[in-house]
Amino acid sequence: MSTATYTVKGMTCGHCVSSVKEEVGGVAGVTGVDVDLASGLLTVTSDNEVDATQIAAELEEAGYEVANQ
């Protein structure tokens, strides 16, 4: 079990949270996605470590950016 935390820039509402959860949740191996809109924190739980560039690519596809990459 692996957990990684990212700071996401560009989220402003509940719809943004849903979009991020949907995109990141579709990554192979991801078992859980938690998003805190107020802080911009994204916590990804997975079976094995997921490549951070893959998470960043999914976020960019949804229209957001990883701040701490």
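Buried means under 20% relative accessible area, exposed means over 50%, and partly exposed is anything in between (1.4 Å probe, protein chains only). This is a predicted model, where local features need pLDDT of at least 70, side-chain atom pairs count only at pLDDT 80 or more, and totals for chains, interfaces and linings use all residues. Residues are numbered from 1 along each chain as its sequence is written, and side-chain values use heavy atoms, leaving out hydrogens and water.

View 1. Helices (H or I, at least four residues) and strands (E, at least two) are DSSP runs, numbered from the N terminus. Of the 69 residues, 33% count as buried. The C-alpha trace spans about 30 × 20 × 20 Å along its principal axes.

**View 2. Helix H1, residues 14–25.** H1's 12 residues reach 16 Å from first C-alpha to last, close to the 16 Å expected at 1.5 Å a residue (that is, 1.5 Å times one less than the number of residues).

**View 3. The buried side of H1.** Cys16, Val17, Ser19, Val20 and Val24 are the buried ones here. They sit on the same side of H1, because they cover an arc of only 160 degrees around the axis (taken from the directions from the helix axis to the C-beta atoms). Their packing partners are strand E2 (30–36), strand E3 (41–46) and helix H2 (52–61).

**View 4. The other face of H1.** Turned away from the buried side, this face carries exposed His15 and Glu22.

How values were computed. Contact means heavy atoms within 4.5 Å.
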